[in-house]
Amino acid sequence: MDFVEPLDRYEPEERYARARLREIIREKGHSLSALARLIGRNPAYLHQYVGRGSPRHLDEPDLMKIAEFLGVDHEVIATREIVRPRSSRMQDSGDTEGFVQVPRLPLEASAGPGAFSAEEISYDSFQFSRRWLREMGLEGADLTAIRVEGDSMEPLLRSGDEIFVDRNKRGGEGVFVVRIGDALHVKQVQSRGPGDIALISANDAYAPIELARDEIEVIGRVVWKGGRL
């Protein structure tokens, strides 16, 4: 008996749909593993779907969420036609109408000694549906995407990760991008009493940095991350 590759038993269009999904994910700088986690699956789920044809079709909710995240029509990456009631299609159309552009800036927020900032002019952007942003609790956020550099925030943030910074959120404690002089840092900000703060690294190899609050400029809170595995 001749050996048959797992995908050879499927129609060409099914194979093409998987290839399109892989290519779109690559072009947008995401990974199959990250998208699998987005839909609540184990990291190998989409690798098996694309490479081995298992499962044969994505469940409709998973397909819709991936399409919305990538900013494409679900039919572009679907392996089968999804026939939906007209009322459902109209409701979804109204719910997802419009996309939000999140600008990518040529800046790096250092998880290390500090990255010098460049001119804040967008060179690219991510596109997200309004519904996805609402589901992530990011509706109304003033988002900017920048890249992390260095290892001081590992394992929470790794060098090369893209982070979304909400410039509307500049108070309280949490993970923030801050400017000290001309350098940008991404750190856990903790209060140390009236007028004083500490910048904490997730990596225990880096000691806390204690400063007066007026020595830093808070750019915004880190509210989302993404990166390659």
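Begin by selecting helix 4 (60–70), which is mostly covered, since 8 of its 11 residues are buried. Buried here means under 20% relative accessible area, whereas exposed means over 50% and partly exposed lies in between, with a 1.4 Å probe and protein chains only. Helices (H or I, at least four residues) and strands (E, at least two) are DSSP runs, numbered from the N terminus. The buried residues of helix 4 are Asp-62, Leu-63, Met-64, Ile-66, Ala-67, Glu-68, Phe-69 and Leu-70, and the helix is followed by Gly-71, whose phi is positive, near 75°.

The model is predicted, so that local features need pLDDT of at least 70 and side-chain atom pairs count only at pLDDT 80 or more, while totals for chains, interfaces and linings use all residues. Residues are numbered from 1 along each chain as its sequence is written, and side-chain values use heavy atoms, with hydrogens and water left out.

Now show the whole protein chain, whose secondary structure comes to 7 helices and 10 strands and in which buried residues make up 41% of the 229 residues.

Of its 29 residues, Leu-21, Leu-46, Ile-66, Leu-70, Phe-128 and Phe-164 touch the most other members. Among the elements that each supply at least two residues of this core are helix 1, helix 2, strand 3 (124–129) and strand 4 (143–149), and the largest share, 5 residues, comes from helix 4. Apart from this core lies another, of 13 residues, among them Val-148, Met-153, Val-177 and Leu-184.

Move to helix 3 (45–52), where Tyr-45, Leu-46, Tyr-49 and Val-50 are buried. Looking down the axis of helix 3, you will find its buried residues within an arc of 120°, so they line one face of the helix; the arc is that of the directions from the helix axis to the C-beta atoms. The cover over these buried residues includes helix 1, helix 2, helix 4 and helix 5 (74–77).

Then select the cluster of Phe-69, Phe-126, Phe-128, Trp-132, Phe-164 and Trp-224, which ring pairs link. Rings of Phe, Tyr and Trp (its six-membered ring) pair if their centres lie within 6.5 Å, and planes under 30 degrees apart count as stacked, over 60 as edge-to-face and the rest as tilted. The structure holds 10 aromatic pairs. Phe-126 and Phe-164 form a tilted pair, 5.7 Å centre to centre with 50° between the planes, and this pair links strand 3 to strand 5 (residues 162–166), 38 residues apart. Phe-164 also forms a tilted pair with Trp-224, at 4.6 Å and 35°, and Trp-224 lies in strand 10 (residues 217–226), 60 residues apart from Phe-164.

Finish at His-30, in the loop between helix 1 (12–27) and helix 2 (32–38), which counts as buried because its relative accessibility is 12%. Leaving aside residues up to four places away in sequence, His-30 touches Ile-25, Leu-35, Phe-69, Leu-70, Phe-126 and Arg-228, where contact means heavy atoms within 4.5 Å.

Note on methods. Core = buried A, V, L, I, M, F, W, Y, C linked by side-chain atoms within 4.5 Å.
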